[in-house]
Amino acid sequence: NMENQEVKKKTKAEFVQAMKREFCEVESIMENVAELKGQAKEAGYDATLLAKIAKSMAENKVDEVLEKNEIFATLVEEVRNS
């Protein structure tokens with residue numbers, strides 16, 4: 001019975017090694033993103049804006065961002081017209 005078997009606990013060192021692998025993976029991915037942003041910039045695009053769009057899409061937050069931008073635009077107009 002699996003419930004009665006004690007699950008082997010990881011040591012501190014094992015947790016550190018596992019986290020280290022993940023952090024290295026994140027660093028590698030961020031280098032890839034930076035390279036893509038460089039290529040987008042070379043192509044004449046606003047690389048920072050494209051990255052923000054991609055990140056909000058990846059996080060499924062596009063609608064939230066659009067709503068905040070709409071509120072921002074409305075407030076800008078309100079302040080400019082006062």
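Modeller: In this predicted model, the contact between α1 and α2 is made by Lys-37, Ala-40 and Lys-41 on the α1 side and by Ala-47, Thr-48, Leu-50 and Ala-51 on the α2 side. By class, the residues of this contact are four nonpolar, one polar and two charged.

Two packed helices are described by the angle between their axes and the distance between the axes. Here α1 covers residues 12-42 and α2 covers residues 47-58; their axes come within 8 Å and cross at roughly 130 degrees. Angles over 145 degrees would count as roughly antiparallel and those from 65 to 115 as roughly perpendicular, so α1 is oblique to α2. The crossing of the two helices is right-handed.

The length of α1 can be checked against its residue count. With 31 residues at 1.5 Å a residue, α1 should span 45 Å, and its end C-alpha atoms are 45 Å apart, so the two values agree. After α1 comes Gly-44, with a positive phi near 95 degrees.

Further along, Ser-56 belongs to helix α2. Its relative accessibility is 10%, and because buried means under 20%, Ser-56 counts as buried. Leaving out residues up to four places away in sequence, Ser-56 touches Lys-61, Val-62 and Val-65.

Asn-60 lies in the loop between α2 and α3, the latter being residues 62-80. Most residues other than glycine have a negative phi. Asn-60, which is not a glycine, has a positive phi, near 55 degrees. The relative accessibility of Asn-60 is 72%, and the cut-off for exposed is over 50%, so Asn-60 counts as exposed.

Key. Residues numbered from 1 in each chain as written. Predicted model: local features only at pLDDT ≥ 70, side-chain atom pairs only at ≥ 80, totals over all residues. Heavy atoms only, no water. Axes fitted to C-alpha atoms, helices over the stretch in contact; angles between N-to-C directions. Helix = DSSP H or I, 4+ residues; strand = E, 2+ residues; numbered from the N terminus. Parallel < 35°, antiparallel > 145°, perpendicular 65-115°, else oblique. Left-handed = near helix turned anticlockwise from the far one by under 90°. Contact = heavy atoms within 4.5 Å. Nonpolar A, V, L, I, M, F, W, Y, C, P; charged D, E, K, R; others polar. Buried < 20%, exposed > 50% of the residue type's maximum accessible area, 1.4 Å probe, protein only. Expected span 1.5 Å × (residues − 1).
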